[in-house]
Each structure stands twice: as structure tokens, then as C-alpha cells.
Amino acid sequence: MPLTPFTIPQIALSDQNLVLSPPSDVNLREIRRVLAFLLDRPRDLTPGAISVLTSALVDIADALEDCVPAVSALLKVNFSSLLSSHNPFLSHSILSLYRHFSEAFNEYDIGKVAYRLQLSASDTGQKLIFRLLALHWLFGSTLLTSQVSSLTSLPGFYPQVFDPLAVKAKKLDAISVSASEGDGAVSLLEDGLVCISYFRWLPGWSTETLVAFRAMHKLLIGVMPHDGSDNGPGRTRLGSLMESTIFADLENVLIHLALEHHPLVPVIATFISRLLQCETHSPIGSRFLQTLDRCLIPNLKPGYGLSFYFPLLEKISENETVAPKGVLELLKRHMVCLTDEHGPDTGHRSWSQGSRVLSICRVMLKKHKGSQIFRPLSLLLAFTCQNFPDLEVRDNARIYLRMLACIPGKKLRQTLSIGEQKSGLAPAPLPASLIDVPPHPSPDLKKSTGIASYIHLERLKPPLVKQSWFLPVQGSVPALSNGSGPAEGGIMDIVTSVAPSSPDESNKTDSSKVAYQKEASRVMDPNTALLLRVLRTHFGCIPDYRVMPGIKIRIPCLLRFESDPFIRTWGFESCDEQTLPALYAIKITFSTLSKYGKIPSCRVPFLLGDLLKSDLAIVAVGQGNDESIEHSNFAKVFLELQPEDPMPGLIDIFINANTATEQVVSGFLRPVTIGIEDMFLKAILPPNVSDMWVSRYYSDLFDTLWEACGSSVNIGRETFPLNGGKGAVSINGKQSVKFLEVPEDVLINAVERHLAGFVVRVAGASLVKVVQQNRVIENIVWDEKEEEEDDLDVGPSGDDFSAENALVAYSREESELDVEYTQAEMESNSNDRSLAIVDKKKSVGNICVLIFLPPRYHLLFLMEIGYGSTMVRMRTDHWPCLAYVDEYLEALF
Amino acid sequence: MAGCSFRAIWILTPHHSVAFSRTFPVVERRWRSACVRDGEVETQAPLPSDLEVAAAFTDRKQREGSARGFGICVASSTPGSDSWVDDPVTRHIITLHINREEAEGYMLWPVIVHTSGNYYILVLPLVEPKKVREYRKLYQRNNCGGSVKEHDNLSSLLLSLPCITGAFMVAHAIGDLIAGETSDPEVVATSSSSAVGGLLDTLTGSIGIGVAPRPKPTSVPILASASSAATLMGSTLVDSSRTMTKPIDKDLLRGFISGSMPYGTPVDLNQNNIAAIRTTGFGSADPPPADLRQPAWKPYLYRGRQRVLLMTQETINAALYDREDIPDSFSISGQINCRAELEGLPDVQLPLIGVKPAKVKMLSVHQSAQYSDHGEDKQAIVFSPPVGSFVLARYQVSHATNPAPVKGFYQLSLVSEDGGQFLFRLTLMEGYKSPYCMDFCTIIMPFPRRRILSVDGTPSVGTVSMTERSIEWKIVTSGRGISGKTIDATFSGTVRFHPRVVNKSLSVSLSKSVLGCTAAEDSDEERESSNNSVNVEDVLMEKLNRDLEAVDLEEPLCWQAFNYAKVSFKITGGTFSGMTIDPKSVSIYPVVKAPVEYSMQVTSGDYILWNTLARSPHAAVPKDLC
């Protein structure tokens with residue numbers, strides 16, 4: 001039970017908030033007397049008592065506002081002079097009176113109060129906290145602030161050299177408050193900052209630096225304070241702020257600081273990130289970053305000094321409103337520079353800087369759309385993982401590159417965010433389970449139909465023969481891909497000593513015959529022996545694709561897709577007009593009926609659509625953009641064939657890809673045609689042939705093969721082991737002719753254009769002259785003799801078939817080919833001479849063409865060029881190709 | 001909420017244990033009822049125990065980098081910390097988080113921090129719960145910082161809380177008490193050279209209350225600003241325990257608290273008055289005067305021989321550059337100290353001479369005084385003096401009529417990293433005639449971050465001595481003061497240092513906390529950063545500056561970043577500003593015959609000769625003052 005004096009009225013003790021009746025006149029008179037008594041004596045009271053008095057006065061005056069109107073008038077007389085007391089407690093008590101009875105004081109009085117506070121802030125004899133408080137009081141009241149916001153009172157706020165930094169900071173606040181009202185704010189602020197201008201040379205953590213940047217920040221938020229209530233005007237103010245000179249001047253100050261005083265760069269980054277984190281001011285922060293990207297980045301030089309700027313680069317990378325190109329290119333140059341300057345004592349620096357660069361790349365991966373960063377970032381990462389001196393950096397770069405290439409954007413961002421909490425210099429590689437693309441949602445079949453109409457995989461160079469047919473000759477060359485047959489592609493196993501000369505079924509088991517043949521081959525005339533040696537050398541170079549990597553043919557193709565139909569089908573969340581749709585993690589699988597071996601599937605990490613149609617018009621005008629169309633909107637894909645049977649064919653294409661919206665695109669594209677000329681390869685050169693003998697070797701090889709395929713020499717049963725030691729082949733030649741009725745210059749041009757690499761010898765003085773002049777065909781054997789008798793003697797070729805029906809002869813009877821071959825050979829031998837003689841006058845010369853057809857076949861042309869027409873004599877050890885060669889030759893012109 | 005009351009006072013040792021605490025149950029009850037009224041349930045928690053306060057203070061120190069905190073928003077600041085509020089005042093008005101195991105923690109605000117004699121004095125004033133709520137909003141704001149243009153900003157909050165100011169007064173009073181200082185200003189009687197003691201020596205001297213004269217400014221450490229104790233208390237004593245901590249006289253403290261702030265509400269903070277009342281009380285010998293109102297701040301009237309002692313004390317802060325692009329700057333702050341030993345309650349009028357020519361700005365006067373400014377040369381202060389010494393008025397001079405007492409330049413050229421050549425050329429007391437007398441003049445070249453190996457060179461006047469970190473040149477030694485003549489002093493020589501030892505860990509940890517970044521790239525930066533500088537000295541300075549510590553906000557600048565010489569001197573016999581008092585025209589009402597003794601003294605504050613050859617800090621002068 002609390003003790004209370006009995007004189008206290010009961011009403012004061014009751015808990016209820018009773019409604020008091022208005023005071024009677026007697027009460028009022030008493031109150032006035034009490035007030036008058038108190039108001040008369042402020043000078044006699046201690047500061048503590050005055051504080052109690054003033055707060056009591058405020059309460060009383062509030063309660064009796066109407067009844068005791070004279071209070072405020074008395075205040076002015078009795079209290080004003082106390083304000084200049086150097087007891088801050090007293091001053092503050094008096095100030096609170098001013099605050100409550102502002103109407104009692106005119107503007108002059110208020111101005112005097114403001115001036116008094118301004119002076120107190122400069123009073124070096126006063127304790128620091130009271131100087132700070134004086135400034136707070138001054139700016140805590142809008143009434144007082146309005147008195148000092150004019151430029152005339154600003155000099156009082158200029159910080160002095162020996163003002164404590166806290167006071168300097170508060171004075172700078174005052175300047176920015178006043179300055180933000182008018183023009184020339186930044187120059188005022190700069191004047192104010194002179195007192196700590198040496199912060200530029202101090203370390204970034206110095207208090208002076210903090211004070212300086214705080215002042216800039218205060219200026220910005222002074223111009224545009226946060227008040228959550230009015231969003232509307234805030235937005236417009238934002239716009240006007242960004243256009244204002246204050247803003248431009250501040251930007252210049254920042255750029256200058258960043259360029260001239262690199263230790264301040266982290267501080268600038270902190271400054272900007274503080275703005276970015278604020279809802280109201282993040283556009284300002286972004287704008288600063290954009291400006292820095294525009295004005296600072298191009299002025300930076302790669303090299304070790306760039307490390308100062310990493311904090312800023314990180315901020316720029318994090319910001320989605322800044323295009324990452326500039327930063328990435330700078331970093332690329334930086335990595336090149338680091339790689340170039342790497343020496344024995346730079347190991348640690350290379351590591352640390354490389355890791356920093358990668359951490360920026362990581363930020364890029366996380367924050368930016370794949371379409372924006374893919375190209376520059378992949379270049380940077382590719383360079384790094386190939387060339388950077390530090391192993392760890394290389395490894396990490398490779399991981400990032402893989403992630404960039406294989407994980408679609410959204411998923412990638414998620415994946416990278418998982419490692420967020422343990423962010424180090426270079427994050428540890430993520431567990432495989434994270435990188436694995438999770439099970440795809442089932443592809444949308446409806447949408448996937450008809451993708452062939454807008455996703456295209458096209459050959460870079462279309463085949464000469466627009467072939468729509470091809471001949472799957474199952475029986476002729478048994479090339480069973482399942483490997484069940486002992487002779488694949490006409491290659492026989494040596495182990496069993498079985499080397500069937502022909503791929504015919506009948507010969508496969510005829511081991512005794514083969515053994516006989518082998519023995520028989522040992523007794524031959526020296527001429528044939530020489531022939532065989534050349535052939536053995538040659539075949540010894542040809543890899544046996546069954547036991548070792550075979551010969552591969554790479555056909556460059558382009559993958560691209562049209563944006564418009566793509567968007568129509570799949571939809572696309574586009575934040576702006578310029579953004580193109582993209583496909584991620586494209587996997588292309590190939591299948592074919594032809595014997596091209598297993599065609600490895602291709603992966604394209606990322607592909608942008610073709611430019612939208614609306615943009616095409618613009619692109620057409622500006623030439624500068626052509627390059628970007630050329631380079632950015634398709635992917636180069638190589639079809640890698642390992643033919644087991646050199647035949648044209650069709651390759652079916654199946655595509656599997658993700659869209660940016662995580663839908664799955666899958667389906668067949670239009671097939672790609674493989675022509676016979678895709679199979680044309682140069683013969684493999686044995687390793688021991690020196691450069692100067694290359695042309696000679698090819699020429700000799702041509703002659704040898706010509707002869708072997710002509711079977712004037714009996715090597716039909718001879719087997720030649722292939723490289724790999726497990727397989728051997730035999731030569732089973734066929735020949736044909738083709739009469740081309742084209743002028744010699746057209747023919748020479750066509751040869752030079754399409755077959756130049758395969759020409760091994762040109763004979764005939766006039767022809768040699770022409771071909772040599774053209775300088776397309778070089779490094780071959782030039783035979784300038786007029787008479788080609790000798791050459792023809794070695795391999796006289798020709799037949800009595802007209803060129804037109806040559807094919808018919810071959811395809812007529814398969815089973816008796818051997819027989820016919822011999823007959824034809826004999827006949828041709830006899831006719832050849834006469835024909836050659838007849839045509840001799842018309843002849844300009846001969847061109848010998850040696851083409852290797854993988855996996856192990858050959859196609860030989862002997863082009864007897866006359867005036868107006870040319871006879872092409874063909875020999876091959878793979879007769880089915882002749883059918884296509886015929887068309888090919890026609891398509892040459 | 002009426003008046004100014006305190007819920008609690010804690011005094012913490014340098015090691016953050018509570019050395020003394022006092023709570024005021026009356027005030028606490030008011031706080032509770034205010035909470036109930038405002039519906040603030042969570043703030044109703046009882047006051048923390050001493051242990052909890054100590055833990056909270058330690059915790060804050062860890063969170064905020066130092067006992068006082070950052071004061072300014074730094075990279076590591078987070079919402080819910082004082083530095084997030086981004087105002088230097090948060091180094092003085094702090095928040096404590098009281099964490100309780102059994103109950104939910106809460107926030108204690110505003111806690112006033114003042115340091116004195118290595119002790120932290122914490123005062124918790126009573127504020128309305130809704131003010132705490134307002135502060136919490138600032139404290140946890142989710143945007144980038146406050147501007148005074150917003151509603152409910154920190155400034156308006158502070159303006160509406162006089163009790164915070166009161167709490168600082170109390171904290172300072174307690175601080176002075178435990179440090180054994182008096183707040184009495186120095187008044188020198190010209191008749192006797194010794195300083196006059198404090199109030200009521202006869203009354204209090206016997207019981208050993210430390211009423212020692214204020215220490216002379218010259219004894220202040222060279223790096224601290226000597227002009228006032230305020231900057232000192234803020235900075236040099238923070239977080240350091242190198243000086244001995246004097247044990248607290250708890251009886252004295254308890255007596256002071258119960259006398260000066262009964263029930264937690266301050267009445268009179270003058271420790272002399274409190275001590276006198278406490279020891280002597282009021283006897284029949286001190287009847288209150290019948291005809292006059294005796295002010296509360298003057299509980300006793302003086303009896304004895306009547307006299308008035310006056311003294312003007314001026315401090316010159318100067319930055320001398322000797323450069324064309326930067327004008328030298330002077331600022332003079334002065335105060336008039338008074339000790340009026342007059343019987344009864346008289347009024348004294350003090351005419352001031354030379355106020356207008358010197359453009360004197362009267363900053364503040366004593367509570368009992370009024371400054372009147374009428375016409376060209378009619379400035380006067382009228383006051384009714386309290387007992388004892390007091391500061392009658394403080395003023396500032398922007399335009400001195402006298403020339404600088406020490407002029408000249410100082411050049412230091414760092415020839416190499418470990419040595420340099422220096423040259424002084426000074427002129428002392430040029431244009432000063434008798435009775436101006438320079439008592440002493442010393443020049444100190446501090447090299448706080450280097451250890452001096454040797455100094456070569458002989459000055460034209462005076463003697464040179466050397467400590468590990470500084471060189472001291474005594475031009476005029478006390479006892480041999482100069483008067484009426486000009487001295488030209490030159491001193492050229494070389495200084496050599498011990499090789500530098502870099503302490504990197506500190507700068508690294510600092511950069512981490514302030515910038516929020518790692519300094520892993522330091523090695524790179526060191527090699528590259530020299531590109532921007534042109535001359536050797538700049539390179540050397542930049543190199544030196546790399547491991548600078550950030551100074552506290554209470555310091556005016558990062559002294560260690562510069563080479564300078566600090567001049568200390570004392571001049572008696574006149575004022576620098578030219579403003580004086582004519583003792584003969586001092587009038588006392590009611591008229592009594594009392595001699596008026598007047599003395600004048602000029603001392604140097606931050607009187608700095610900046611190295612002319614290097615960068616030096618300066619401030620812009622507003623254009624209309626040029």
C-alpha cells in the first residue's frame with residue numbers, strides 16, 4: 001500500500017481516467033499565480049530545475065491552452081536570454097520551449113536561435129558531444145532548419161581543419177541538407193570535403209574516407225529522401241534527380257576517384273552497394289554502375305593493377321541492368337595479360353587474380369541471362385582453361401565453362417546459388433548430382449512436331465549431286481555393322497590366315513584357297529614384286545577400323561533456328577524486344593541406314609534464334625551488325641562419319657533441347673545428304689616419305705594402283721595387311737570410262753575447283769603449262785613429255801564401251817564380274833592403243849587423280865583431256881562407287 | 001514525460017566489469033507505468049543486472065568494433081546496430097542488447113556513454129516508451145540511411161529528449177568526480193603567481209575533496225588536441241588501459257549522486273556545492289537574505305575580503321602552410337574566467353574593449369550573465385556571480401588584430417625511407433611589445449610511427465632533445481621568457497629512423513571490418529600503387545600510409561598521415577584577439593570597494609606547422625569570408 005499524503009485529492013489517486021471538468025475561475029487564477037511565480041524566477045533555478053520547469057510548463061500549457069493564453073508571451077521575456085548559457089542542458093530545456101511555443105517567437109527570434117546553435121557547434125571550448133547535439137537540435141526542427149538552409153548561413157557550416165571528424169561529418173550533413181535545396185550542391189559539398197580531401201591518399205578504411213562518402217550519400221538522400229508513403233512523386237523525383245547536375249557531378253567525382261585513387265575502389269563499391277540495397281535508391285546505384293561501365297571500364301588497363309578494380313567489377317557484374325560485355329572483355333584481356341606476364345615468381349598472384357576473375361565470372365553466370373553472356377564468357381573461360389598458368393584456375397574455368405555450356409540458364413542459377421553460403425575465392429566443384437540435369441519432363445509431342453520447319457541443320461557446303469536416291473547394296477560389300485561376319489568392309493582377319501579376295505560369301509570359308517594364293521604370290525616377277533611392295537606399304541598405312549580408330553570424315557554443318565515460329569510454338573518470356581529466344585543443352589543424335597559407323601552425337605550448349613524479322617530490316621541497313629548475325633546465331637556442328645562403305649547416303653537427325661522456359665524440344669530434323677565426294681580423301685602418306693618425295697610417291701602409287709585395279713598383273717589373289725595387324729584386304733579392281741563433252745578449260749577449272757587436292761600428275765606440255773599458270777594445283781609430278789606412250793603402257797586404260805553405257809556393263813552381272821573383268825581388260829588393252837592413237841592429236845594432256853575412299857578403297861581417274869571433250873578413265877577397287885561417280889562427274893560442270 | 005530523470009547509472013571498468021551501479025526505483029516505477037500506459041509490453045522487463053550490462057557492453061564492443069562503435073555506417077553494419085543509424089552521435093548514445101536466458105532479450109536505449117579516467121560511465125535516462133520505439137525504427141530501418149528531411153529522424157528525436165542532454169551533464173559530472181578533476185576554470189591572481197584554488201577551500205579542504213587546479217594545457221600529450229578536455233576524453237582514453245586506473249571513491253560518489261540527483265532527478269550538478277552542503281549543511285550562520293532572492297545555484301554567500309579576479313584565456317589553433325595556394329588559417333577561441341569574491345548578491349557589469357575590431361563572436365555566457373551589445377564600443381556583460389571560479393563567457397575570434405606569435409615554415413624532405421632533412425625558419429613574437437611576454441615556446445616534431453635513430457643539426461636558438469618518437473626543440477624555456485623583442489630561429493638538420501616494421505595484421509583486420517573486403521590483394525597493390533605518385537616523398541608517404549589505423553571520429557584528422565611540427569607556447573600580458581577588459585571600469589552594484597585583478601594569457605592549441613613540401617590537410621574558406 002503506497003503511502004500518500006492525505007491532502008492529495010482522491011481523484012488523483014483513482015485509476016480511472018475521469019473526465020475533468022474545466023477549471024473554474026478560482027482555479028485558473030491560482031494556476032496563473034503559480035505560473036507567474038515560476039516564470040519570474042528562471043534565473044534563480046539550477047539547470048536541472050529549469051528542465052523540470054520547462055517540461056511542466058509545456059504540459060500545463062498544453063492542458064490549459066485556451067485558459068492561460070499569456071504563458072507564451074512571458075516565456076519570451078524570461079527565458080530567451082538563458083539560451084545563450086553555456087550549459088547545454090539549460091539550452092536544450094529552453095529549446096524545447098521554442099519548439100512548443102513556436103508561435104510566440106517571430107522569425108527574428110528563431111533565426112537568432114538557429115544562429116546560436118550554429119555557433120555552439122563551432123565552439124571549440126565546448127565538449128564534443130554537445131557540439132554534435134547542437135547540430136542535431138538545429139536540424140531536428142524544421143523551423144530552425146528553414147532558417148539555416150539559406151546559402152547565407154552556410155559558411156558557418158564549413159568544417160574547420162581542427163574540428164573533430166564527428167563534427168566535420170555533421171557539418172557536412174548540414175551542407176548537404178542545405179545544398180540539396182539549390183544548385184551547385186556538389187561544388188558546395190566539394191568545398192566542404194576539402195577539409196578531409198586528403199582521404200584520397202589514405203587507406204580506404206580511414207575514417208576520413210568514411211566521412212567523405214557518407215557526405216556524398218547524405219547529399220543523395222537529401223535530394224531524394226525515403227518516404228514510403230508517396231511512391232508516385234518519388235518516382236518522378238528519381239527521374240529528375242538522375243537528370244540533375246548534382247547527379248552528373250557526383251558521377252564525375254566517383255569516376256575521377258576510381259581512376260585516380262584506386263585504393264578507394266572498394267569504398268566506391270560499398271557506397272554503390274549501399275544504394276543498391278535500398279529500395280528507393282537502387283535505381284541510382286544501377287545508374288552509377290552503368291556510368292562506371294561506360295566511362296571507367298574502357299579506361300582500365302589489364303595487368304596486375306586491375307585487381308584494385310575487382311570489387312567494382314563484381315558490383316557491375318552483379319547488376320542486371322549493366323550489359324556484361326565490357327567487363328568480360330576487360331577480364332579476357334586481363335587473363336591474356338596475366339598469362340603473358342606469368343613468370344617463375346608470379347605463381348601466387350596468378351592464382352589469386354585468376355580466382356578473383358573466376359569469382360566474377362561466377363557472379364555473371366548467376367546474375368545474367370545466358371544469351372547475354374554466353375559468347376564473351378565462353379571465350380574468356382575457354383581461354384582460361386586452355387592457357388592460364390595456374391592449374392586450379394584452369395580447372396575451375398573448365399567447370400564453369402561446362403556449366404555454362406551444359407546447364408540451361410535458370411537451372412544454372414539455381415545450381416550456383418546452392419553453393420552460396422560457402423562462397424570462397426573459387427568455389428569448390430559442385431557434386432556431380434547437382435550438375436546432372438535432372439530427369440526431363442516428357443517432351444511436348446504436340447509442339448515438337450514440325451520443328452523441322454524452323455530448326456535447321458544444314459551442310460555448310462551442299463553436295464554437288466543433289467542426290468535423292470542411294471543404293472544400299474547389301475550383297476556387294478558385306479559391311480555388317482554388328483561385326484558378326486568375319487569380313488567387314490572387305491577386310492579379313494589375318495589371324496585365321498583367311499584373306500578372301502572378294503567379300504563374296506563363297507570365299508569366306510575357302511581357307512585352303514587363300515593359303516594357296518598366299519604361297520603363289522611369293523613367286524612373281526620382280527616387276528610385280530615392286531608393285532606389291534608399293535601396295536603393301538600403302539595398305540600398311542590404312543588403319544583397320546575394326547581394331548583402331550578408322551579414318552573419319554568431318555562434314556561441317558550449321559545448326560540454326562528461326563525465332564518467329566519458335567516463339568509462336570514454344571512461347572518465350574522476353575523482358576525486352578531485343579532478346580532472342582534460345583535453346584539450351586542441345587543434343588543432336590544421328591542415325592543412318594548407310595554404313596557410316598557410329599556417328600557421334602553433337603552437343604550444342606546454347607543457341608540463339610535467328611534475329612527477329614522486325615530486326616532484320618534494321619540489320620540490313622547497318623553493316624556493322626552483319627558480323628554478329630554471322631557469328632552469334634548459329635552453331636557449327638561437325639558430322640563425323642567413319643565410313644565402312646564409301647557410299648552416299650542420308651543421315652537422319654534427332655534433336656533434343658531445352659528452351660529457356662525449361663520445356664523440352666525434341667524431334668527429327670530434315671536429313672542431311674552425304675554425297676560421294678564427301679568420301680574423297682587423299683591417300684595416306686607413309687611416315688617415312690620425305691616432303692620432296694611426296695609428289696613422286698603419289699604418282700607412283702597412282703600407277704601402282706592403276707595397274708593393280710587393271711589386273712593386267714595378277715595380284716587379284718594377293719592380300720595386303722592393314723595397319724593394326726589384324727586385318728588384310730585384297731584388291732578387286734573394276735574400271736569404267738566416262739566421256740565428258742566439255743571444253744578443256746572448263747574441265748580444267750572444274751578439276752581445279754573440286755579435285756585439286758587429289759591430282760597426282762599432270763602430263764602433256766601444253767596442259768602442264770596451263771595448269772601451272774593457274775597455280776591451283778601444286779606439288780605434283782609434272783610430266784611435260786608430249787608422248788604419253790610410256791605412261792599408258794604401264795597402265796593402259798580404256799575400253800570399248802562408250803562412256804554413256806559404261807555403267808551398264810558393270811551392273812549387268814555381278815557374279816561374273818571377275819570373268820568379265822578379265823575380258824574387258826584384254827579387249828581394252830587392244831583397243832586402248834588404237835584409241836589413244838586416234839585421239840592423240842586431239843589430246844592436250846592427261847590428269848591423273850588418285851582418290852582414297854575410306855575405309856580402304858581407291859578411285860582413280862585418268863583424264864585424257866582433248867579439245868572440246870575429255871575421256872575420263874576410271875579404275876577402282878570398290879565398284880559400287882562408280883555409279884555415283886558418274887553422276888558426280890556430270891555435276892562437276 | 002516531465003523533466004529529466006535517470007533509471008540507472010553504471011560505471012564500468014576498462015575490462016568491462018561493473019565497478020559501480022545505481023538504480024532509481026522511483027524512476028523505474030514511472031517507466032513501468034509509462035509502458036503500461038503506452039501498451040509497450042516487451043519493454044517492461046526489469047532493469048538488467050550488472051552482469052547483464054557488462055555482457056551487453058562487451059557484446060556491443062565486439063559488434064561495433066570498439067567500445068564506442070563505428071559511429072558511421074560501414075560495410076559490416078547491419079540493421080539492428082548503432083552504426084546502421086549512421087550518425088557520429090551513436091558513439092555517445094548507444095543501444096545495449098540485453099540477452100536473457102530465461103526470457104526474451106530486449107533493447108536498452110538510450111544509454112549515454114562517457115569515458116573518464118579509463119572508466120565507462122553509462123547513464124540510462126527515462127524517456128517515453130514511444131521514443132524508444134521511434135529509435136528502434138531508425139535502428140532497424142531497411143533502407144540506406146536517414147536524412148533530416150524525413151519525418152522522425154534522429155535529430156528531431158534528440159531535440160525532443162532534453163533528458164539525454166541532462167544525462168550527459170550527469171555523466172560528465174560523475175566523470176570529473178571519479179577522475180578527481182574539478183570543472184573549475186583557472187583564474188590567476190596577478191598579485192600572487194599561484195593559481196587560486198577552487199570554491200570553499202576552507203570548507204572542503206579538510207575532508208580531502210580533490211579540488212586541485214586544472215592541469216596546464218602544456219602537459220597534454222602531443223597528439224591530443226590540447227585546447228579542451230572534450231576531445232581528449234573522447235579519443236585517447238578509449239580502449240586503452242595504459243594509464244593507471246584510479247579506484248573509485250564510492251562513498252564520495254554515492255554522496256554526490258544522492259545529493260545532486262535525489263530520486264534520480266538532477267537538481268544541481270556542481271560538485272562543490274553538493275560537497276559543501278553535504279559536509280557543512282546549513283547552519284544559523286547562513287540565513288537566507290531577507291530582501292533578495294538567493295539563487296538555487298548559490299547555496300552559500302561569500303564572506304570575507306572582497307575582490308574580483310578576472311582572466312581572459314585565449315587558445316590559438318593555427319595551421320601554417322607557407323604556401324601560396326593554401327592560406328594560413330588561425331582560429332582563436334577565448335574565455336573569460338572569473339572569481340568574484342563579493343559578499344551578498346551583487347550584480348557586476350563588465351565592459352569589454354575591442355570587441356568590434358576583433359569581430360568577436362560571443363558564443364555563450366554563464367547562466368547568471370547577460371551579454372549586451374549596444375553600439376560601436378558598448379559591449380558589456382552583466383552578471384550576478386556565483387561563488388568560486390567560473391567561466392563567465394566564451395567567445396570566438398575570426399579576425400585577430402595581432403600578428404601570429406610564431407611565424408615561419410617547416411620543411412621536411414624524406415630523402416629515403418629511413419631518413420630525411422628538415423629545416424625550420426621561424427620568427428617569434430614579431431610585432432609584440434611589452435607587456436606581452438612569451439613564457440615558453442617549444443616545437444615538437446612527432447614521428448609516431450617511426451623510431452628515431454639520430455638527429456643531427458644545431459638550432460640557432462634553444463636546445464634540442466630527442467625521444468624515441470619525437471624531437472623536441474625548446475626555443476624559449478620557461479623562466480627565461482622573452483618580452484619586447486623578436487627572435488629569429490632556424491634549425492636545419494637531418495633525422496634518421498630505424499628501419500620500418502610493417503604491422504599488416506592490423507590494417508588487414510581493419511579493412512575487413514570497415515570495408516567488408518579482404519586485403520588479399522595487398523601484395524599486388526603494393527607493387528602497382530606507386531604509379532600515380534610523382535615524387536619520392538609521395539611514394540614514401542603513400543607506402544607509410546598503407547598501414548595507417550583509422551582514427552576515431554573524435555580526432556580532427558589522421559595525424560599520423562602527415563609530417564608536421566607542433567608549436568606550444570604561452571604568452572602572458574595580453575590577448576591575441578585584442579579584446580580586453582578594463583579592470584577600472586568594472587562596476588559592482590550595490591557599490592562596494594573591491595579591487596579587480598585582471599590577467600591575460602594566450603596559449604597554443606593545435607598550432608601546427610605543416611611540412612611545406614608535402615600534402616597537408618586544409619579546409620575551404622567560405623567565399624564571403626575571404
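These notes cover a strand in chain A and a pair of helices in chain B of a predicted model.

1. Strand β16 of chain A spans residues 870-876. The strand is mostly covered, with seven of its seven residues buried.

2. One pairing partner of β16(A) is strand β11 of chain A, residues 734-740. The two strands pair in the antiparallel sense over seven bridges. Within this pairing, A:Phe739 has A:Met871 of β16(A) as its bridge partner.

3. Strand β15 of chain A, residues 857-866, is also joined to β16(A), and these strands run antiparallel with seven bridges. Here A:Leu859 is bridged to A:Thr876 in β16(A).

4. What do β15(A) and β16(A) form? They form a hairpin, with three residues between the strands. In the turn, A:Gly868 has a positive phi of about 95°.

5. In chain B, the axes of helix α8 (residues 250-260) and helix α9 (residues 271-280) come within 10 Å and cross at roughly 95°. Because of this angle, α8(B) is roughly perpendicular to α9(B).

6. Which residues make the contact between these helices? From α8(B) they are B:Asp251, B:Gly255, B:Phe256, B:Gly259 and B:Ser260; from α9(B) they are B:Gln271, B:Ile274 and B:Arg278. Sorted by class, the contact of α8(B) with α9(B) holds two nonpolar, four polar and two charged residues.

How values were computed: Residues numbered from 1 in each chain as written. Chains lettered and ligands numbered in written order. Predicted model: local features only at pLDDT ≥ 70, side-chain atom pairs only at ≥ 80, totals over all residues. Heavy atoms only, no water. Buried < 20%, exposed > 50% of the residue type's maximum accessible area, 1.4 Å probe, protein only. Helix = DSSP H or I, 4+ residues; strand = E, 2+ residues; numbered from the N terminus. Pairing = 2+ DSSP bridges. Axes fitted to C-alpha atoms, helices over the stretch in contact; angles between N-to-C directions. Parallel < 35°, antiparallel > 145°, perpendicular 65-115°, else oblique. Contact = heavy atoms within 4.5 Å. Nonpolar A, V, L, I, M, F, W, Y, C, P; charged D, E, K, R; others polar.
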